[in-house]
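I opened this model to look at its ligand site, a few backbone details and the surface. These are my notes, in the order I looked things up.

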Amino acid sequence: MGPRTEQEQVILVTGAANGIGAAIAELAVARGHRVMLTDVDEVAVLSRARSLGSRAAACVMDIRSSAGWTKAFEAAEAAFGGVDVLVNNAGITHTGIARDLQQQHRDIVEVNLLGTITGVCTALERMTARGHGHIINVCSMTAFLPLPGYATYCATKYGLRAFHHSVAIEERDGPLDFTIIHPPSTRTGMLEQEMADPSCAISFAEKSYAPQQIARAVVDAIATKPVEVVFPPLAGRVQRIAGVFPRLMRRVIPVAEARGRRQREHLLAQPGTDR
Ligand SMILES: NC(=O)c1ccc[n+]([C@@H]2O[C@H](COP(=O)([O-])OP(=O)(O)OC[C@H]3O[C@@H](n4cnc5c(N)ncnc54)[C@H](O)[C@@H]3O)[C@@H](O)[C@H]2O)c1
């Protein structure tokens, strides 16, 4: 079967039970796509898919498992036909300064970096065999700016960006498209976890986004196929540049961190305030 119309793609989304992934699945279904929601959280992913109707289905997958990836692609094929778009969204963080974390360093790398790499490699093989496909990796603005309280998380996102662009260049003469999207702080369970830990107060230096705003950029990208998307569109470019100059980073980040601390205290004192 050849490519489907732009409105009726088959999309496999990881981490689709909650947060940004759930918002992506919801918007994609609303726009007429068919979505295989996958997540390690079985109860949540089944219930999320059920709530989206007949253009959605669910498959339990831990992105660290290569067999899990094969099963998820097969489940999508059985439900809707071959996968046109992979949205590699699942990710975790464990907040805290690096010297206080132990096993968590390895867990973050295994999910955010190795799990996502396994997904890209599975998709490369299956999509290339079908003659088309689009791989969208949900990364992070921390791929440009290393932040205190997030050392290993940032390392995985730096690594993911490098991997993504290396593969896209390797595959430049092939039939696949590649997009990478970098959300800033977004109001999901991940940000709640960060709110509980003062070591990563820098997350609150800027106003956060709603998951639906990130979902719009991801679902729009299915049609427009941008190479890379940063948030906010202008200030995101400035952050990108700051990340290139270590001396500048070391001056600017403590200032942002102090602002984040003040803003976090303010939010904690006034629960319910829009972040
Ligand atoms: N929330 C933010 O502030 C923010 C900012 C930048 C980037 N991101 C990135 O956006 C993506 C989504 O984050 P979110 O904020 O929606 O997080 P979230 O915690 O709300 O949701 C993540 C989902 O991934 C699932 N998941 C976790 N480990 C998994 C695994 N091993 N296999 C399969 N599924 C797994 C969880 O069950 C959950 O449903 C992540 O890659 C994250 O790094 C988030």
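The entries below start with the ligand and end with a surface patch.

**Entry 1: the ligand shell.** I am working with a predicted model. I asked first how many residues surround the ligand. I counted 29, and the closest are Ile 20, Asp 39, Asn 89, Tyr 153 and Thr 188. I then sorted the shell by residue type: 14 are nonpolar, 10 are polar and five are charged. Next I looked up helices in the shell. α1 (19-30), α5 (151-170) and α6 (189-195) each supply at least two of its residues.

Entry 2: I went through contacts to ligand oxygen atoms. At Asn 89, a polar backbone atom is 2.7 Å from an oxygen atom of the ligand. At Lys 157, an N or O atom of the side chain lies 3.0 Å from an oxygen atom of the ligand. I also checked how much of the ligand the protein buries. The ligand taken alone exposes 820 Å², and 91% of that is buried by the protein.

**Entry 3: Ser 208.** I moved on to the loop between α6 and α7 (211-224), where Ser 208 is found. Is Ser 208 buried or exposed? Its relative accessibility is 8%, under the 20% cut-off, so I noted Ser 208 as buried. I then took its distance to Thr 188, one of the closest residues to the ligand. Ser 208 and Thr 188 are 20 residues apart in sequence, and their C-alpha atoms are 9.9 Å apart in space.

Entry 4: Most residues other than glycine have a negative phi, and most peptide bonds are trans. I looked for departures from both. Lys 225 is not a glycine, yet has a positive phi of about 50°. I placed Lys 225 in the loop between α7 and β7. Lys 225 counts as partly exposed because its relative accessibility is 37%. The peptide bond from Phe 231 to Pro 232 is cis, with omega near -20°. I found Pro 232 in the loop between β7 (228-230) and α8.

**Entry 5: the nonpolar patch.** Last, I asked which residues form a nonpolar patch on the surface. They are Ile 241, Val 244, Phe 245, Leu 248 and Val 252. Together they have about 450 Å² of accessible area. I looked at Val 244 in particular. Val 244 lies in the loop between α8 (235-242) and α9 (246-269). Its relative accessibility is 55%, so Val 244 counts as exposed.

Notes. Residues numbered from 1 in each chain as written. Predicted model: local features only at pLDDT ≥ 70, side-chain atom pairs only at ≥ 80, totals over all residues. Heavy atoms only, no water. Patch = residues over 30% accessible without salt bridge, like charges linked within 9 Å, V, L, I, M, F, W, Y side chains within 5 Å. Areas by Shrake-Rupley, 256 points an atom, 1.4 Å probe, with all protein chains shown as cover. Salt bridge = Lys/Arg side-chain N within 4 Å of Asp/Glu carboxyl O. Helix = DSSP H or I, 4+ residues; strand = E, 2+ residues; numbered from the N terminus. Buried < 20%, exposed > 50% of the residue type's maximum accessible area, 1.4 Å probe, protein only. Near = heavy atom within 4 Å. Polar contact = N/O pair within 3.5 Å; in protein donor to acceptor, adjacent residues only side chain to side chain. Nonpolar A, V, L, I, M, F, W, Y, C, P; charged D, E, K, R; others polar.
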